[in-house]
Amino acid sequence: MTDDMSGGGSGGTAGDIETAPGGGRRLIGVGLGPGDPELVTVKALRVLREADVVLAPVMTLDERGRAEAVADAHGIEVTRVVFALNDRGGVTERRAAAWDDAAGRVAAEFADGARAVAFVTIGDPNVYSTFTYLAQTVRAALPEVIVETVPGITAMQDLAARSATVLAEGTESVALLPLTGGVESFRRALETCDTVVAYKFGGVASEVHEVLKETGRLDDAVYGARLGLPGEDVRVARDIHGPLPYLSTLLVPGRRDTRGGKLR
């Protein structure tokens, strides 16, 4: 593990967790929504203001991450913790080292007297979130620490609202999947589910466009990126071609031709 992973303040390594005292201490993952500061819940703000320290994931210590930007809009001071947010290929050495180092930071804060350590994340902490791996690492070494989460609004909910698209009605199913591994899972979901939501598909946008066209789902699908932020991009999916931002969201609603036709 490298020194630049410490994130400022009192440093720590994964080894520190084993000796850090427990007893009623809490690690809280707090969802801050997709990026619009107005979509942060009242509970999330209360928890952050009551926490002894608030950690925020970044790719490098000299950058301000999206979660930090949302927290900053509400006057919440954070400590940056480096994560390998742009790594691909499973549990890479860099990813694992980042999880260990972040867990060490949590341990160090507890050792310095913190009772509640909050970790902010874009979206929801239980949906494709970095917090999952931090919580697993802390639980393994400090089982007495209480792990909690505060839900946040997800990108698919925000895109549905901004595009006036219904996510589901009646007996419809909703499939949510990331496309970091390609488009075949997306094709299968379109064939077997009603509404399909794709995350992280910017790198395969052209292939996604072709699959939507082949399956007859192109005209109803909507695309969104940087929701609620400067440069917001919300448009119909037939207009997407070529590489798009990594954090792109695609919403393909179920086919509906009557009012209440999916009710049972």
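**A colleague's note on the predicted model**

1. R226 counts as partly exposed, at 36% relative accessibility (buried means under 20% relative accessible area, exposed over 50%, partly exposed in between, with a 1.4 Å probe and protein chains only). R226 sits in the loop between β8 and β9, and although not a glycine, R226 has a positive phi of about 50 degrees. For context, most residues other than glycine have a negative phi.

2. A word on the ground rules. This is a predicted model, in which local features need pLDDT of at least 70 and side-chain atom pairs count only at pLDDT 80 or more, while totals for chains, interfaces and linings use all residues. Residues are numbered from 1 along each chain as its sequence is written, and side-chain values use heavy atoms, with hydrogens and water left out.

3. A164 is found in the loop between α6 and β6 and is exposed, with a relative accessible area of 75%.

4. Now the overall picture. The protein chain has eight helices and 10 strands (DSSP runs numbered from the N terminus: H or I of at least four residues for helices, E of at least two for strands). Of the 264 residues in the protein chain, 48% are buried. Among contacts between residues at least 6 apart in sequence, 72% join residues at least 24 apart; contact means heavy atoms within 4.5 Å.

5. Do look at the aromatic rings. There are five aromatic pairs, where rings of Phe, Tyr and Trp (its six-membered ring) pair if their centres lie within 6.5 Å, and planes under 30 degrees apart count as stacked, over 60 as edge-to-face and the rest as tilted. One of them is F83 with F119, edge-to-face at 5.6 Å centre to centre and 70 degrees between the planes. F83 lies in the loop between β3 (79-82) and α4 (93-111) and F119 in strand β4 (residues 116-121), so this pair ties together parts 36 residues apart in sequence.

6. F119 also pairs with F131, in a tilted arrangement: 5.9 Å centre to centre, with 35 degrees between the planes. Because F119 is in strand β4 and F131 in helix α5 (residues 131-141), the pair ties together parts 12 residues apart in sequence. F83, F119 and F131 form one aromatic cluster; F83 and F119 are buried, and F131 is buried as well.

7. Helices α4 and α5 deserve a look too. Their axes come within 9 Å and cross at roughly 65 degrees (axes are lines fitted to C-alpha atoms, for helices over the stretch in contact, and angles run from 0 to 180 degrees between N-to-C directions). The contact involves W99, D100, A102, A103 and V106 of α4, and Y133, L134, T137 and V138 of α5.

8. Finally, the sheet. Five strands form an open sheet in the order β6-β7-β10-β8-β9, with mixed pairing; two strands pair if DSSP finds at least two bridges between them. The edge strands, β6 (174-178) and β9 (233-236), each pair on one side only. Neighbouring strands are turned by 15 degrees against each other on average, direction ignored. β6 pairs with strand β7 (residues 195-199) in the parallel sense over five bridges, and L177 has A198 in β7 as its bridge partner. Helix α6 (residues 155-162) lies across β6, β7, β8 (222-225), β9 and β10 (248-252), running at about 65 degrees to β10.
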